[in-house]
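Work through the following exercises with the sequence and the structure in view.

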Amino acid sequence: MSVFAQFAVNGIVAGSVYALIALGFALIFTASRVFHFAHGGVYTFSAFAGYTAFVTFHLGLVAGFIAAVVVAVLLGVLTNVLLYEPMRAGGVSPFVAMISSFGVLIVITNVTAMIWGSNPVVLSPGGQTTVHHFGPIYTTNSQLLIVLLTGALAALLWLFFRHMRLGIAIRALGNDAELAEVVGMPAQLLRNIGFAVGSALAGVSAILIGLNVGIIDSNMGMDVILMATVAMIIGGLGNVGAAAGGGFVLGLIQNLAIWKIESKWQMAISFAILILVLLFRPSGLFGQGQRSAGS
Amino acid sequence: MSKAGRASGEPILRVEALAKSFGGLRAVNDLSFEVKPGTITSLIGGNGAGKTTAFNLITGYLAPDAGAIHFRGRRVDGLAPHQVARAGIARGFQELRLFNRLSARDNIETAVPHQQGEGLLRALLGGPKLKAERAATAARASALLDELTLAGQAEALAERLSYGQQKLVALGRLIAAHGELLLLDEPTSGLSPAMAEGFGARARALAQAGKTILLIEHNVEIVMRLSDWIVVMHQGGKIAEGPPSTVRADTAVMHAYLGLS
Amino acid sequence: MEYFIYLGTLISIYATLAISLNLLIGFTGLISIAQAAIYGVGAYVAALLALNATNDLVLSFLLAAAVGVAVSLVIALPSLRLRNEYFLIAALGFQSIIFSLFMNLEVTGGASGLYGIPHPALFGPTLRTSGEKFVLALSLAAICYLLARRITNAPFGRLLRAVREDDTAVASLGKSVFRIKLTIFVVSAVFAAAAGTIYVYSLSAIDPVAFGLDESVFIMTLVIIGGTGSLNGSVLAAALLILLPESFKFLAIPEAIAPQLRQVFYGLLLVGFTRFRRQGLIGEYRDVLQ
């Protein structure tokens, strides 16, 4: 029983990690309707920016976070302004933008590897920090922080999108960009805000997760963005909260899979769930069915 | 259509107690009507009356919640769209749905049924059989293009044609598809009065040649002049039907057209 | 000389792969990102066959194609009902699952892959030299090109393009869109699996990393840059994208970052072309991708 509990806790922690990233990814998707796969690149690069400030130049952890967030926001907004917005203005579908996003992901990932090497790099020299015991269950400071932060952010974003004018405006924009422009919303500005906040989230999570795991490497973004996609689809595309929910479900499933089956299959199982959801419940587990995958 | 069938007045299409709801909305509600072969029947009614939904149900794009659809005596509700088309119902779309980046000729040649060259095997094997078939298809398309006064635009991409020409290509596709029953959705919308006239003449000619036409149309004049029979829909159901003279005099129809529910 | 043979072989394989994906993306409008998985399936089947039973080339092709087609159908059958982005995401899912299988199954050698694969035998004599294998690769590419040309010039090709334009309208003309899409999936899989067979016999080894998502994106890049709907474009793109990074060698770029620089190059091309020239080098229509 306690083994199960430990796996469940690990699942919640892993789920929080996915939810945290899915939140940013979903926020961007809500605002722009683009699957911004380059988000994985933003995540990776900002982690290394934080590493540079925190480890290379010994400027302290806060500087690390700031560096990560600033770099992330810059990358995210630039990608939108230089790539997606012109494509949108030219009448190109979000689908083609998604393909170009793959290109950006590949460029950023490999530039990161060129600068810092493709081997993992230690972010948290002290390794895991304080370990807490809750009965037979282990957890660390950073893990607790991740779970709490994710919960807080998810709640904040839910409030934002439901009850704050800016949030409602961004949602409306995502649902019907043409109409929103007709009504006078500064569409591009709102989308850029979406990209900025979403990317900032990526920067924060990159450092947090890097601290939790201890190391970072140039491929982390690629893996993470695939999982974020799975989380978003499992949860449901309509809203950010659903994406976070999808992240939690994914974390739990993966850890239960590790418990029962070998850990090497967790990716394959995650993608199998993705496909099953796409086929049988396209609106996602928590979605409202407004934007579903089926034809 | 066998001679016996036509002589006995067997309907080529029989729609029976058709119903379809979307969520709480009853788009089609206990709709029943018949279409006689070789005639031009018009389906009219205000916006939201359920006409296009009826078309979608007849052609298999939607599955009915209740009711049946008989075509030439055979049940076709429940069939997939391409199967319904194969059975002999050629369906046109309000939004045309042309193959935009294909030429006018290619649009029409694609519609010609029973082409072995459209199967992988024949495409790979090639040979004189394929050549002969392609020549025959091309000849049919050329004849049709001539008839539709599109000969000069045969190689032009469909998306480059004028709206009127595009509508002709759409009609050409339906004719090439050799359906016995042609379903046309707003065939004269966006056309000048002269072109609408031209359409009317073509429709008449098709009917003379034995085709049956069921059309959704808002142009009252065309409807009255062209139709052998009119079915009036309102809020998903049929409120009147009959030859133009009858329908014109029917006050319920007037109400429907004035938008009073 | 060896160097040019090696490049030629690589170009031939990628030209074949690009053609196989172009049939899906450019002609039919099915944007699949799982092509590397099919390529890999063909490679592993040929490798396992050669290691355990026979190195006969014809049998290798046949079995690789058969399994490749089967896997392709497993992907296609459920995914065909999804539209656009979601079809691609499903394909992404399948690509990842299959890649995971390559990396984690015992029989495929796991992350280290397979090695020591014998030379192929064609109707008897064994092809040992790289020169002979290059001729093999080139012949396959030529055959695939000619077959693809034949198919796309026939009424079948016109029907594919019609499906790409508006599959609802195709159905309304009495033609089964499902059958058409399945058929082209099968053809595409045969070509991709055949390319995998050549890959295996040329390298005599398999590294599973060669069949991951990056590779699928690369093949898609080839199709887009060459021009969706243009077979010649696919061949041209394969040649350009293999040859151009080779010129980096003459720019004194440190070995350590050469592979990454190459990827950056491909990524930039993909971004550049999707942003500025969606019709690719030789393609006709700007917007085939949508």
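The exercises below concern a predicted model.

**Exercise 1. Overall form of chain B**

Task: Determine whether the radius of gyration of chain B agrees or disagrees with that of a compact globule.

Solution. Step 1: Chain B has 261 residues, and for this length a compact globule would have a radius of gyration near 18 Å. Step 2: The value for chain B is 19 Å, which therefore agrees with the globule. Step 3: The C-alpha trace of chain B spans about 60 × 40 × 40 Å along its principal axes. Step 4: Of the 261 residues, 44% are buried. The secondary structure of chain B comprises eleven helices and ten strands.

**Exercise 2. A hairpin in chain B**

Task: In which sense do strands β1 and β2 of chain B pair?

Solution. Step 1: Strand β1(B) covers residues 13-22 and strand β2(B) covers residues 25-35. Step 2: The two strands are joined by seven bridges in the antiparallel sense. Step 3: Opposite R14(B) stands E34(B) in β2(B). Step 4: Two residues lie between the strands of this hairpin, and G23(B) has a positive phi near 65°.

**Exercise 3. The contact of chains C and A**

Task: Which element gives the largest share of the side of chain C that touches chain A?

Solution. Step 1: The contact joins 32 residues of chain C to 36 residues of chain A. Step 2: The elements of chain C that give two or more residues to this side are α4 (84-104) and α11 (258-276). Step 3: The largest share, twelve residues, comes from α4(C). Step 4: By class, this side of chain C has 17 nonpolar, ten polar and five charged residues.

**Exercise 4. A loop residue**

Task: Classify I253(C) by its C-beta neighbours.

Solution. Step 1: I253(C) lies in the loop between α10 (231-246) and α11 of chain C. Step 2: I253(C) has 13 C-beta neighbours inside 10 Å, so I253(C) counts as partly exposed. Step 3: Not counting residues up to four places away in sequence, I253(C) touches F248(C), A258(C) and L261(C).

Key: Residues are numbered from 1 along each chain as its sequence is written. Chains are lettered from A and ligands numbered from 1 in the order in which they are written. This is a predicted model: local features need pLDDT of at least 70, side-chain atom pairs count only at pLDDT 80 or more; totals for chains, interfaces and linings use all residues. Two strands pair if DSSP finds at least two bridges between them. Helices (H or I, at least four residues) and strands (E, at least two) are DSSP runs, numbered from the N terminus. Two residues are in contact if their C-beta atoms, placed from the backbone, lie within 7 Å. Ala, Val, Leu, Ile, Met, Phe, Trp, Tyr, Cys and Pro count as nonpolar, Asp, Glu, Lys and Arg as charged, and the others, Gly among them, as polar. A residue is buried if 20 or more other C-beta atoms lie within 10 Å of its own, exposed if 12 or fewer, and partly exposed in between; C-beta atoms are placed from the backbone. The radius of gyration is taken over C-alpha atoms; the globule rule is 2.2 Å times the number of residues to the power 0.38.
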